[in-house]
Structure formats: structure tokens, C-alpha cells
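The following report is meant to be read beside the sequence and the coordinates.

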Amino acid sequence: MSCTCNHGENADKLVPVRAVVTEIRTETPDVKTFRVVGIDGSNCFDHMPGQCAMLTVPGVGEAMFSITSSPTETEYKDFSIKRCGLLTDYLHTMEPGQEIGIRGPFGKPFPVDTVFKGKDLIFIAGGIGLAPLHSVINYCRANRDNYGKIDILYGSRSADDLVDFDEIKNEWEKEDGINVYLTIDREQEGWDGHVGFVPSYLKEIGFKPDANRIAVLCGPPIMIKFVLQGLIEMGFDKTQVYTTLELKMKCGIGKCGRCNIGSKYVCKDGPVFRCDEIDELPDEY
Amino acid sequence: MQKTAGLIKKRVLELLADGTVTKVLGWKEGDFIYDVTPASFLSAQEADGLVYSSFCGANLSKYLISECKALTEGKILALLKPCDTYSFNQLLTEHRIDRDKVYVIGVGCKGMLDIEKIKAMGIKGITKVIDNGKELDIKTIYGSKTCKREDALLEKCLCCKSKNFKAFDEIIDPEPETKEEKADRFAKVSELEAMTAEERYAFWQEQLSKCIRCNACRNVCPACSCMKCVFDNPVSGVSSKANTDSFEEKMFHIIRAFHVAGRCTDCGECSRVCPQNIPLHLLNRKFIKDINELYGEYQAGEEVGSRAPLADFTFDDAEPSVVNERGNS
Amino acid sequence: MKKIEKAKLNDLLARLAEASTLYLPVRKGGKVNFAKWTKDEEYCADELKTVKSAKDVFFPQSENIVSFKRESSKITILPKELPTDRTVIFGVRACDAKSFDILDSVFMSEPADSFYTARRNSAVIITTACSTPEETCFCGVFGIDPANPGADIQTWFVGEELFWEALSEKGKALTEELSDMLSDADEKEVEDEKSRISEITKQLPLNGLSLENFGGDKTNELFDAAQWEKLSQSCIGCGTCTFVCPTCQCYDIRDYDTGNDIRRYRCWDSCMYSDFTMCAHGTNRPTQLQRFRQRFMHKLVYFPANNNGEFSCVGCGRCVSSCPISMNIAKVIKSFGGDNK
Amino acid sequence: MQVSENTENKEFKPLIVAFCCNWCSYAGADLAGTSRLSYPAEVKIIRVPCSCRVNPMFILKAFEKGADGVIMCGCHPGDCHYSTGNYYARRRMTLLFSMLDYLGIDRARTRVEWVSAAEGQKFSLVMNDFAKTVTELGENIKLGDLRCKKQQD
């Protein structure tokens, strides 16, 4: 029996379809961006910013990754993946042309076409946390008229660890109505930008807590904690802040029972949460 | 047992009150007499729920690994039955617990009961079991029943190792060593050895195929004290969660038994907790029997610091081909 | 109402096994579990509860959901065909029958699990009333009546006869198939049996548990409760309760490389295991307290929150009898003030 | 790892896994080769630093993946490169083989032989003899993982 890309309507959600990695970009020493297209050159499936997909390497395993590319990039899906476990180790050894399995999209996206519409947006990311925000940022850039001012605050350990650096420098920074603030944790030769952690840089910048503003966060838990604190101190309301969570996932459809926080499943009810929604969940993430 | 329980409680309260110990590891009463839970008690008030009955089969020594780590001041009191003290010693030998942090009260044991055995007699709806020494008075929702105490003993108690304590700070109500001839604990192993290979294969195939891989045997075992078990390690290549092929059952149980070979005190917890009643002790006892026959009598936990047979050798040990010369093929 | 003599029950089972795959409680290696029935096997009608529940008929402990082949950079995906053969499960108790409804609301809610759904849709469930409920039973707490076990067909053993009542369309169709073996029966004897069972259930020691302190809206009150520490302190972190539980449905997905192909399995997992939520950056439930709490909060709070107040426990009492340290959901309910006695 | 290559219409050729210690037995196998002494092609050698490196799980893993017989070769007792490794291995394998026997697995499917670097001839003899024994026993169905059996396409 041979396989086609699409198993048809009746295929189980747990069964991946074939896809091929067409391009691998090295972003930082431990992050690579993988471009994935369907086996017939199609885009596998449609998604919205913030959604995730399961990537399979048969025999190695399967894991959930946020889709880095914007839905407006209709030819492919990009995944920026940090090397940190069994599967990601394997992915990092791959060469372009390697086939993998993919299934998705999973989860609730950012409300880009509803809540975000007409708003000024602040994106705050740390390290690999830019991956899910990258999708939203480029979606907003592609539909520029729908959104107000865009501020992007992005920090990483060092200049070498800034993901998508070329795109940020050559495209985002040069676009009107987009302010990019970059920072790295420690002084480094050849870096003339800001030095310091994201939360402290946030305070220095001091965004105005306009009701028309939405902040979107993603990064390590400790950064989220202090950035959120900073935003609240500035006068932002938790309902204006969105973030995306990550826990161990297996099924992606809210059945395997491991990614729950209280009664909410990150794979199904998340990964995007408004910060006041998170407050209602028990502290177990 | 009632009397022993009273003495234990009294002594526990004294030791808590005078500050000798800050925590007590014992058994807590349940809903039906037989469903006793291992528990810790921090105060006289909490110790009210402390029980010692014929259903305190659970070996508490393994809890001492985490308790010793967590203990910051004072000592922890552990109630240990004679057979539990072997496990205690073995853990000391392996440096998993700190002797200075533990106050051991050896508690006399007449042999513990197995509720599963009572239920297997067809007695249903048991709400209470009164132990009269020779006979059990069993209250059920369908009326009263009786059975002989010796028919309801836990497997491990049928061939009790000893009534003597191998480690203790004090002893409460010890039992005299039984005078009558003890049952041979290797009887069933010998019986299996005498069977043909086909019969043995059939026996184990039937038993091991019941395994649901709940890991209770592993997790309860005082000798299974690895920080991360090989069966939980995704890079070990054997970390399957469920048995899909019958090979996986065998792999798990052979390796589980092998990893404790020479360190297993034969405390019988693995068989006691198995929800499917797989006679896991027969795997452990096979190793013990082989070790005794090939490398000399050895009882793990008999004394602290003894060298486990698999961490030892002599120049004239038997060759592996000895297997071909023994028993039935 | 129909009936058949107990002596002829084996003929009926044989007939069922001809046209479908028949599962019923069978003794193997000394323990009774649901298994495929063949003529040489004895139906253990007197066994109140199998060790494992009947859930693995629909949700097997390990199931190959897809296979792969890898050749250099190419992969082939070989989906599994869905099972469509008719299955009959005989001798299911009221608690297990109810557990299927709970599993349905997980596996058959969108997006439905096609493997479970296919098995479930092609199965006929025949329940048997519990003539001798035990002390570990507390199905009444969840509104389950062991005298009226429900499902497609319900049956009662009374004297030397088995009484048979078809409830669903599927059940009626199957009863029709077997009409030559079943004779018409009077309801009187069954009614007497029902009231006898009801009298017993009233006396069950755990049947008075109250769930008033649990429910979908209790997350915040219960999550940080002090009780969890004492309750979980001696939990050894095994999966016994999970695996014998009729409503536990958490699963893992694992690959196995056979050398010929790679098979992906969906297998039972337990939230009590330390590696359940372990991923590359660690786990969000590092202590046994958290894992223990997760299991009971899921059953008594999270599940009701997502399923209109329905609890994910049927009071079968398997955890009460199987737990190595005798800690169980009944004790958890009691410690939160659910002891109504 | 690819599994035993037998199909029904072909003559049964067992798959044999031989764990050989680096210092003696592997060199012995080498010598057998350079001396043009034959041993069955079905014997797959896995080189280990010392016979003591052989974890019981290795033996089981070999059976899992389709081995019909597993043999472990090390330095003669007393000659271990690490002085005592093979003594520990000897106890370990004795107990493991005894356990396999206890579970009803054919005892002749497992073997331990001490082969020194100079014993190319012994290596060849041992392997031929073991292969003969295992061939007589036939395919191992009791201890393998059936999923790993080669599919008959």
C-alpha cells in the first residue's frame, strides 16, 4: 500500500501526513528554521497565527511546534526549532529533502482578525519565544491596514542567539510604523545595541497603557512573569495581554490528558491565552 | 495484635512528646480494617489514626529513602516488622538511607493477612475482619463467616524468614521464633525446575501475559531504588509503556528481577501488590536459590555492609554451562 | 422480557461468538478479565468485578495506529484500517457500562477518535445486574443502579435462569437474531431481584459518600487544599489505579522500530507516572503530590467542568481493592468532607 | 537491525549474535579470519570492551530483534585485560541463563565461551558448534519479539 499526502476525510487526527523539509536555515547555534511543504508541493494545511503542528520523525518520535511562518506565506510552513531534546536533536541533523510527518493545525490562534484588529500591538519575546510571535508579526505586516502601531521588543542571551536576525534588520526595522527594540543579556563585542534583560528594557521604553493597545508575550516563564509584572505596573490590564503556553503534548486534540492546566488543555483550549484567563487556572505550568 | 497496637501507640506518643523523634512512619487505619495505608504522623493528634493490625503487610522501609532526604531535624521513627528490617539493612548497605536519622521500633509480627486470599475463598462484601489468633471472624454485608488464620496468610508470611529483628533501636512485643519446621520457600521454584521446559514456558506465559505494566512491583520494591529506572528512560531503548508483544513482558520481568538479584531480601512486596496476582516472588526466589546453590548461602539484609553476590566473585565460580547440567530441560 | 435457562447459556454464547467477536469475563492465570471467548473457556458469571475494566475492548492497552517505512530520505505512511467487525461484550456490570458513556464523551467528541469510534459503533453491550454487590462498590454515589445496568441489553441471573431485556435498537436487533433461543418471560421474578439488589446497595458502606464538595467550579478551592499532602504521601507512583480504572483514558504515543517498519502505538499511560508530563525542559508536575492531585482533580473537578458536571468516576471500587497502599478515590472524597455517614 | 533471513522455503539459517570482548575474543575472531578458518556467516559479532560490559539486557535485546542464539565470548578467567571483569560477567551470565531456562527458553540458545587472542581455531570451532546446535533447535519463537521477524513479501 502506498501513501498519498492526504488520507482523506476519515483519517484519524493522530495519523500524520507526509511532508518534506525543503530548506533548513541556521538561525543561531542551537536554533534552526525548517521549511516544510506537503509531498505534492502544497502547503499541508491552512493555519492561523499562534497555532501549532505536530512533526513526526518515524522511530524517533513526535512533538508539537508552533508554526513560525505567517498564514499569508501560503507556499510553506516554517518552524524555528531549538535543539533541546530527542526529537529536536534529530531534526537538527537533518538535510533538506528529508521527509517527515506532519499533522495539525492544533490549538486556538491569536485573535488577529477580531480583538487585535485596529489595535496598536506590542510584541515582547525572549529567545526562541519569537517563533510563535513571528507568525503574528508577519500576518500583521501583510495586513498592515488592519492594525495600528507595531512595537517589537526582542531579547536573547547574546547577539548570536537572536532568531531571525536578518529578517528583523532588513525587513521589520525598515518598515514604517514598526519599532524594533533589540536587547541582549550581556555586553558583547560588536554589539552596539541595548544590553539588559527584556523586563528592564521594557521599563526603560515605558509603553503607554492605552486601552487601544494589546501586548503579546512569549518567552521563558521567568521572563513572562517579570514582563507581565512590568506591564501591569505601567497600567496595562491583564485583558490586554496575550501569551502562548507550552506543556508536554502527545495527541494535540485534548484527549491524551497531559497538557492540562486545571480543566483547560493547552493543545485545544490554548496555546494562546489571555493573561486574565491564566490567572483563573491553578498554578501548575 | 490489639495489645501490640496499644503498646506501639503509647511508645510512639512518648517518643514524639520527648522530642526523640519528629515524625513517625507507620500505618493508618482505613475503612474496612484491611485497607491500611502507610502514613506518616507528625503529632500526637495525628498519631491517633496510627494502627497496627494483621493487615499491616506493607513494608515501610522504602519510604525512608525520601524521608531521610527530606528530614531536616530530629529523627524519623519507623515501625518495622522483622522481615522489613532486612530491607532496612539492605538500604543501609547501599547508602540509600541514613541510620542516624532513623529510630527503628521493631514490632512483633504473627504473620500478616492477605485480603485477596480471603476474598478468593468466596467471601464477599467484607466489612470487618477480627483476628482471633487461630481463626478469623469475618463480618460481611451478607453475614458472618470464619476462616482459618493460616489459610489467609500473605505469601511472604508462609515461609517467614525470621521473627528476629536485624536492626532496631527498641522492640515492642516480639514474637518467639517459630519452633515448627518452616515451609520451604523454594518449594514452588523446585517444582517449576522439575517441569519440562515446555511446561515452564506455558506456566510463565500464562502468568506474565496478565501483566498490565502498572509498575507496582517495581515501585513498591525496596531494592528498586534507582533515581531513574531504565524502563522510564527514553534513550534506553526499552522504555515501552505497555506490553504489545509478549517479549516485552518477559524483558520487563526478567530485568526487574535481575536488577535486584543478590539484593532482594525476599520481602514479597512485589507479589503482594500485583493487581493480577502474578507470582513475581518466584522470579526473585529463583535468583536467590541459584545464588545460594552456586555461590553459597546469602541473605540480603542479614547484616549491613555484606557484599552482594553479583558484586563479588571467586576464582573457581561455576561456569555458565552449569545451567545445562542442572534440572530438567 | 425474555429468558434462557442458565444451562443453555453456553449455546447462546457460542451463537454470539459465531457472528461476532465475543468478549466476556474469563479466568486466566487465576484472575478474571474480559477476554475473547472461545468454547473451551468458562464464563465467570459469579465474578463481580474483573481486574481490569472492560474498557480495553474499545481502547486497547496498546494499539498500532499507524506504521511507517523509512528509506533514506523518504518515508511511507501506512494508516491502519479501522476495525468494523461486530463485537459483543457480555457480562458488563452497571459501572462499566456507565464508564463507556464517560469514555464516549472523551473519544467521540470532536475531533472524534476514529479507532475508538469504529469499535464502539460496531459493538453491542450486554450488561448483567450485580446480584452480590461488594463493600468496595459505591456506584450509587454516581447515580448508577446495579439492578438496572442499562446499555444495549440488560440481563439478570435469577435462580436457574437468565432474564434478558433489550433496550436499544442494536439490542433489539440482536435479541431478534437470538429469538429461537430465548423464550418470553414474566417480569415478576426480575422485579423481585431488582428490589433484593436495591436492599443490598442501601447497606453498602461507601454508598453514602457525598460529592457536594466536588464539581467543575471547585478548582480553586480544592487545588491548594492541605489534604493532598497527607493523601498522597505514601503513593508509590505506580499505575495500578489508572490501569484498572474504567474511566481513565490518558494515553501515550510511542514508536517501535521492528527493523522492517516503524510502528506507532497508542498505549495507556498514567498521570501517576513521574515521566507523564516530562519533556525536554522538565516537567510541570515534579512531585507525587501534584501527580496524585491531578488524577483526582481530573475525575472530580476538571472532567465535570468540561462535561456538564458529570464526574469521571463510576464507583466500581477497583482502585479500592487494587491499590498497593490502599489509597483510593473513596478516601479522597471522605477527606474533603464527603463522608455522609 | 535486520532480522533472521529465513523464509519457509529456504533452509533454516539461524541468526547468531556473538558478544566478543575487545582484548581476547575479538582478536581471536580476527585470527580465525586471517588464518582462513571458517565460521558461519550467520554469526554477527558485536565487539564490547570487556565481557563484563555485557548487560543482561543486551542478551535479551539480541533475542528481541530476532537472534536465534546468543553467545558471549571473553578472555579466559584470570586473563581479563581489566583483571577481574570476566569473573563478574561469569556470575551474571550464569544467573541470566539459569533464569531464561527457568522461563522455559531453550537453554542451548545461550552460551559463554572463553576465547583468547591466540585461539583462532577455538573461535572457529565454537562458532561452528554453536551454529550447529542452534540450527538443530530451529527458529527461536519463545523469546523474540514477533514484530521483528522479517516479513515475507
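In this predicted model, helix H9 of chain B, residues 246-259, packs against helix H2 of chain D, residues 56-64, at an angle of about 170°, and the two axes lie 11 Å apart. Because angles over 145 degrees count as roughly antiparallel, H9(B) and H2(D) are described as roughly antiparallel to each other. On the side of H9(B) the contact is made by B:Phe247, B:Met251, B:Ile254, B:Ile255 and B:Phe258, while H2(D) contributes D:Pro56, D:Met57, D:Leu60 and D:Glu64. Sorted by class, the residues of this contact comprise eight nonpolar, no polar and one charged.

**Chains in contact**

Five pairs of chains are in contact, and among these pairs chains A and C share the most contacts. Chain A and chain D, by contrast, do not touch, and their nearest C-alpha atoms are 12 Å apart. The contact between chains A and C draws on 38 residues from chain A and 42 residues from chain C. On the side of chain A that touches chain C, at least two residues each come from strand E1 (17-28), strand E4 (61-66) and strand E6 (99-106) of chain A. By class, that side of chain A holds 14 nonpolar, 14 polar and ten charged residues.

**Overall form of chains B, C and D**

| Chain | Span of C-alpha atoms along the principal axes | Buried residues |
|---|---|---|
| Chain B | roughly 60 × 50 × 45 Å | 47% of 329 residues |
| Chain C | about 65 × 60 × 40 Å | 52% of 341 residues |
| Chain D | about 45 × 35 × 25 Å | 59% of 153 residues |

Chain D contains four helices and four strands, and from the N terminus on its elements run β-α-β-α-β-α-β-α. A compact globule of 153 residues would have a radius of gyration near 15 Å, and the 15 Å of chain D therefore agrees with that expectation. Among the contacts in chain D between residues at least 6 apart in sequence, 82% join residues at least 24 apart.

Chain C has eleven helices and twelve strands. Its radius of gyration is 21 Å, close to the 20 Å given by the globule rule for 341 residues, so chain C is as compact as a globular protein of that length. Of the contacts in chain C with a separation of 6 or more, 70% are accounted for by residues 24 or more positions apart.

Twelve helices and nine strands are found in chain B. For its 329 residues a compact globule would have a radius of gyration near 20 Å, and chain B, with 21 Å, agrees. Residues 24 or more positions apart account for 69% of the contacts in chain B with a separation of 6 or more.

**A sheet in chain B**

Chain B includes an open sheet of three strands in the order E6-E7-E8, with antiparallel pairing. Strand E6 (126-131) and strand E8 (143-148) of chain B stand at the edges and have a single partner strand each, so one side of each is left without a neighbour in the sheet. Neighbouring strands of this sheet are turned by 25° against each other on average, with direction ignored. Strand E7 of chain B, residues 135-140, is joined to E8(B) by six bridges, and these two strands run antiparallel.

**Strand pairing in chain C**

In chain C, strand E9 (residues 161-166) pairs with strand E1 (residues 2-5) in the antiparallel sense over four bridges, and C:Glu5 stands opposite C:Glu161 in E9(C). Strand E8 of chain C, residues 153-158, is likewise antiparallel to E9(C), to which six bridges join it, and C:Ile153 stands opposite C:Ala166 in E9(C). E8(C) and E9(C) form a hairpin with two residues between the strands, in which C:Gly159 takes a positive phi near 55°.

Key. Residues numbered from 1 in each chain as written. Chains lettered and ligands numbered in written order. Predicted model: local features only at pLDDT ≥ 70, side-chain atom pairs only at ≥ 80, totals over all residues. Axes fitted to C-alpha atoms, helices over the stretch in contact; angles between N-to-C directions. Parallel < 35°, antiparallel > 145°, perpendicular 65-115°, else oblique. Contact = placed C-beta atoms within 7 Å. Nonpolar A, V, L, I, M, F, W, Y, C, P; charged D, E, K, R; others polar. Rg over C-alpha atoms; globule rule 2.2 N^0.38 Å. Buried ≥ 20, exposed ≤ 12 C-beta atoms within 10 Å, placed from the backbone. Pairing = 2+ DSSP bridges.
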